Amino acid sequence: MNTQPVVATCGLSKFYNHVCRVNKIDLEVPEGEIYGFLGPNGAGKSTTLKMLLGLAKPTDGRITLFGHELGKHRRSILNQIGSLIESPSYYGHLTGLENMRVMQTLRGVPRKNIDEALRMSDLKTRKTKK
């Protein structure tokens with residue numbers, strides 16, 4: 001069994017205009033675990049997730065995902081991650097299947113991945129709904 005955490009941060013901090021938004025987070029999430037962020041608006045939940053995805057640069061600290069430092073291996077790490085922060089990103093005029101095909105093309109993944117995702121989420125019968 002892999003004892004290395006899938007997500008790990010050490011002293012992760014983020015300041016915007018000298019205001020601390022995330023303060024020295026040390027976090028370890030083992031493989032197979034579900035971890036949620038709870039807190040009021042402005043607590044740093046979205047900022048932390050954005051740093052974990054490389055969308056915001058930490059002011060201080062270290063991020064390790066899948067055993068690799070995010071700063072050095074961002075591209076290969078992000079190929080293993082799917083994320084939606086705050087609001088889902090999709091084309092409202094397309095069906096679920098059409099939206100998935102757009103992502104399939106952008107990510108260069110095989111068609112069978114769509115079928116598998118629809119099966120796993122039990123949405124195969126609803127794939128033609130917008």
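Me: Where does Lys14 sit?

Reply: Lys14 is in strand β1; strands here are DSSP runs of E with at least two residues, helices are runs of H or I with at least four, and both are numbered from the N terminus. Bear in mind that this is a predicted model, where local features need pLDDT of at least 70, side-chain atom pairs count only at pLDDT 80 or more, and totals for chains, interfaces and linings use all residues. Residues are numbered from 1 along each chain as its sequence is written, and side-chain values use heavy atoms, with hydrogens and water left out.

Me: What makes Lys14 a charged residue without a salt bridge?

Reply: Lys counts as positive, as does Arg, while Asp and Glu count as negative, and His and the chain ends are not counted. A salt bridge needs a side-chain nitrogen of Lys or Arg within 4 Å of a carboxyl oxygen of Asp or Glu. For Lys14 the nearest side chain of opposite charge, Asp60, is 12 Å away, so there is no salt bridge.

Me: Which residues does Lys14 touch?

Reply: Taking contact as heavy atoms within 4.5 Å, and not counting residues up to four places away in sequence, the partners of Lys14 include Val19, Val22, Thr47, Met51 and Pro58. Met51 in turn touches Leu12, Ile63 and Leu70, among others.

Me: What makes a group of residues a nonpolar core?

Reply: The members must be buried Ala, Val, Leu, Ile, Met, Phe, Trp, Tyr or Cys, joined through side-chain atoms within 4.5 Å. The largest such core has 13 residues, and Met51 is one of those touching the most other members, along with Val7, Leu52, Ile63, Leu65 and Leu70. Five elements, β1, β2, α1, β3 and α2, each supply at least two residues, and β2 gives the most, with 3.

Me: How do you know that β1 and β3 pair?

Reply: Pairing requires at least two DSSP bridges between two strands. There are 5 bridges joining β1 to β3, so the two count as paired, and they run antiparallel.

Me: Why are β2 and β4 called edge strands?

Reply: The open sheet has 4 strands in the order β2-β1-β3-β4, with antiparallel pairing. Both β2 and β4 pair on one side only.

Terms used: Buried < 20%, exposed > 50% of the residue type's maximum accessible area, 1.4 Å probe, protein only.
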